[in-house]
Amino acid sequence: MLHRWAARLAHLPLLGGAVPVIVLAAATVLAIVAAVAIVVRVRGGRPLGSLVGGLSALSLAAALLVATSVLTNLTVTRYPTAASALGRAPVAHVEGHGRLFDVEMPGTVSQFHARPATVYLPAAYDDGADDLPVLVLLTGQPGHVVDWIEGGRLPQTMDAFAARHGGVAPVVVVADGLGDTEANPMCMDSNLGNAATYLTVDVPQWVRSNLHVSSDPRSWAVGGYSYGGTCALRLATTEPSAYPTFLDISGEDEQRRGTRAESVLAAYGADTPADEARFERTTPLNLLSRNSFPDSAGAFVVGADDEEFRPQTERAYRAAAAAGMDVHYSELPGGHSMQVWAPALEQEMEWLGNRLGLLG
């Protein structure tokens, strides 16, 4: 009975700010200890007064887990469910529509230690459609791939798109660009791990080798929100041949871990003028100022009330337009939250479908 409570609680939506994983873990341990104590004492011939008393103690243990989840619920916003707070993707099934499954995508070339990805296959895939386009989605930081599935409403958005287009939709790969919920490798190859190579080499290689999708880069796009949006723009500017199409939702104008000096130090282990220059050469704004991208296209979406990220997204949009990219910009009601990020994906699906050759 207790394990059923825990399984259900793992997927309850969370309502508020950051969950210290230790809180949930401690509650689970306490509940399990209480349950074990009950079983041991009953089997040992020393019941807790009565069967009713034993059941009450068991109920108390379950209630402890419930109460912890509810109290945590009131103080967290970073994780859409307890499952994501614990770093576990849920098992999800969308009957009669697209389907989801989790899969290990190893960092064969990059040696990046990524967590499992989640793949969405539209109904058309199971009906034998070949050469479908691919959308690689990335989360914010802190984050887990489950955030796109639950809070981001990815299955619902893709199923709705497919329903409007005869069951056809992109194959979507929600990849781990972090390595850990709290990690921030800045979407680059550095001392923090080769996250960029993982996303531009390892992920595409696995997808093309294991799924029936288009091998044409023009049918591939990368997108994400917050950290994921920053990463999408960075990959589009550093590796335009891999991702000539991108969706930047509430992204920053460059990769960051605190200040510029802190970011450089984290990436290279030093903050010398040479390191600063090396870092600067990899920032999207610098790359856009020095290069032309006539074959690239992108969408920039941000919350109208996002005072910190909206100016950065606007700067990135203007720089992309000046570099010859086919880009457009829009604002949605809300701040820096899923209130903007989930609708942004839904809004841009028709554009993405046309751009990736799905509707042409």
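How many cavities of 30 Å³ or more does a search of the whole structure find? The search finds one.

## Overall make-up

The model is predicted. Its chain has 360 residues, of which 51% count as buried. The secondary structure comes to 14 helices and ten strands. Among contacts in the chain with a separation of 6 or more, 75% are between residues 24 or more positions apart.

## The cavity

The largest cavity holds about 40 Å³ of space. Its lining is made up of Asn184, Met186, Cys187, Tyr227, Thr230, Cys231, Glu252, Gln255 and Arg256. Sorted by class, four of the lining residues are nonpolar, three are polar and two are charged.

Tyr227, Thr230 and Cys231 line the cavity and are among the buried residues of helix H9.

## Helix H9

Helix H9 covers residues 227–238. Eleven of its twelve residues are buried, so the helix is largely enclosed by the rest of the structure. The buried residues are Tyr227, Gly228, Gly229, Thr230, Cys231, Ala232, Leu233, Arg234, Leu235, Ala236 and Thr237.

The length of H9 can be checked against its residue count. At 1.5 Å a residue, its twelve residues should span 16 Å, and the end C-alpha atoms are 16 Å apart, which agrees.

In soluble globular proteins, nonpolar side chains tend to be buried together. Here the largest nonpolar core has 75 residues, and Met105, Val173 and Val207 have the most contacts inside it. Helix H8, residues 195–210, gives the most to this core, with seven residues.

Leaving aside neighbours within four places in sequence, valine 173 is in contact with Met105 and Val207, and also with Ala117, Thr118, Val119, Val134, Leu135, Val136, Leu137 and Val203. A second, separate core has six residues, including Met186, Val264, Tyr268 and Phe279.

## Proline 343

Proline 343 lies in helix H14, which runs over residues 338–355. With a relative accessible area of 25%, proline 343 is partly exposed, because that class falls between the 20% limit for buried and the 50% limit for exposed.

Not counting residues up to four places away in sequence, proline 343 touches Arg153, Leu332 and Met338. Arginine 153 is 190 residues from proline 343 along the chain, yet their C-alpha atoms are separated by 8.8 Å.

Key:
Residues numbered from 1 in each chain as written. Predicted model: local features only at pLDDT ≥ 70, side-chain atom pairs only at ≥ 80, totals over all residues. Heavy atoms only, no water. 1 Å grid on protein atoms, 1.4 Å probe; cavity = no way out; pocket = protein on both sides within 12 Å on 5 of 7 lines; lining within 4 Å. Points joined across faces, edges and corners; volume = space filled by probe spheres on them. Nonpolar A, V, L, I, M, F, W, Y, C, P; charged D, E, K, R; others polar. Helix = DSSP H or I, 4+ residues; strand = E, 2+ residues; numbered from the N terminus. Buried < 20%, exposed > 50% of the residue type's maximum accessible area, 1.4 Å probe, protein only. Contact = heavy atoms within 4.5 Å. Expected span 1.5 Å × (residues − 1). Core = buried A, V, L, I, M, F, W, Y, C linked by side-chain atoms within 4.5 Å.
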